[in-house]
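Subject: Structure handover

Hello,

Here is the structure you are taking over. My notes on what was found in it follow.

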Amino acid sequence: GTWTISSDQLVGTPSPVYSETYSLVDLEISSTSLIEFETTLQTDAFGGVIFDRYNDGDFKFAGLSVATDELLIGHYTAKHGWVIDFSTPEEISSAQDYELRIVIKGLTISMVIDGQTKPGFVFNGVVVDGGFGLLTNGGTTTFDDLTIKTDDPAYAEPEEGEALRATYYAPEEMVVTESLQPDQLDLVASQ
């Protein structure tokens, strides 16, 4: 497929040979981290995100389906093809823009469409340790204002200024040249 920029929007169009196309984001995050996609999209088929991608025959997806008027969460394998793990009814029009937010953490995924929280889904394995990106299947999807957020420490912005750190300097070799007398120790003990 092809990905082009048109009117400051990212447009994904599948090739005549394959029904889907995706644009991957180069993220390497910890399997304990959260990732959130937020975008405005318009699709004439299915549009959304691809996640937990290991290769072309092993990934998960979530998004909007015009054909079935549903929000879909599922997975794809070379052996079984497109499998819908969860769906919820949602009137989807190919002529309308939708604000979509997808949050993925641990085993779970949740979706918010146009500010309305929808039911989520729990997979049987961690879903943040593969690849991530945008997906269109069966037609063209236009993405606008894409924001990707994570709580992964590797992407944390350093705080302004330098952090205070305690440092221990080992003293140079100590040489005792005379012994302390009892009256000197009494003085220290009284202090």
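A polar atom in the side chain of Thr-136 lies 2.7 Å from the backbone oxygen of Gly-139. This comes from a predicted model. The side chain of Thr-136 also makes a polar contact with the side chain of Thr-141, at 2.6 Å. Thr-136 is found in strand S12. Its relative accessible area is 0%, so Thr-136 counts as buried, the cut-off being under 20%. Leaving out residues up to four places away in sequence, Thr-136 touches Gly-12, Thr-13, Pro-14, Ser-19, Glu-20, Thr-21, Thr-43, Phe-46, Gly-47 and Thr-141.

Sheets

S12 belongs to an open sheet of six strands, ordered S3-S12-S5-S6-S7-S8 and paired antiparallel. The edge strands here are S3 (20-25) and S8 (81-89), each of which pairs on one side only. From one strand to the next the twist averages 25°. S3 and S12 run antiparallel and are joined by six bridges. Within that pairing, Val-25 has Phe-132 in S12 as its bridge partner.

There is also an open sheet of seven strands, in the order S1-S2-S13-S4-S9-S10-S11, again with antiparallel pairing. S1 (2-6) and S11 (116-122) stand at its edges with a single partner strand each, so one side of each has no neighbour in the sheet. The twist in this sheet averages 30° from one strand to the next. S1 pairs with S2 (residues 9-13) in the antiparallel sense over five bridges. Trp-3 stands opposite Gly-12 in S2; Gly-12 is also among the residues that Thr-136 touches.

Nonpolar cores

The largest nonpolar core has 26 residues, and Phe-51 and Ile-104 touch the most other members. Strands that each supply at least two residues of this core are S4 (34-43), S5 (46-55), S6 (58-65), S7 (70-77), S9 (98-105), S10 (108-113) and S12 (131-137). The largest share, four residues, comes from S9.

What does Ile-104 touch, not counting residues up to four places away in sequence? The list is Ser-33, Leu-34, Ile-35, Phe-37, Phe-51, Ile-109, Val-127 and Val-128.

A second, separate core has eight residues, including Tyr-22, Phe-46, Ile-50 and Leu-72. Of these, Phe-46 is also one of the residues touched by Thr-136.

Regards

How values were computed:
Residues numbered from 1 in each chain as written. Predicted model: local features only at pLDDT ≥ 70, side-chain atom pairs only at ≥ 80, totals over all residues. Heavy atoms only, no water. Core = buried A, V, L, I, M, F, W, Y, C linked by side-chain atoms within 4.5 Å. Buried < 20%, exposed > 50% of the residue type's maximum accessible area, 1.4 Å probe, protein only. Contact = heavy atoms within 4.5 Å. Pairing = 2+ DSSP bridges. Axes fitted to C-alpha atoms, helices over the stretch in contact; angles between N-to-C directions. Polar contact = N/O pair within 3.5 Å; in protein donor to acceptor, adjacent residues only side chain to side chain.
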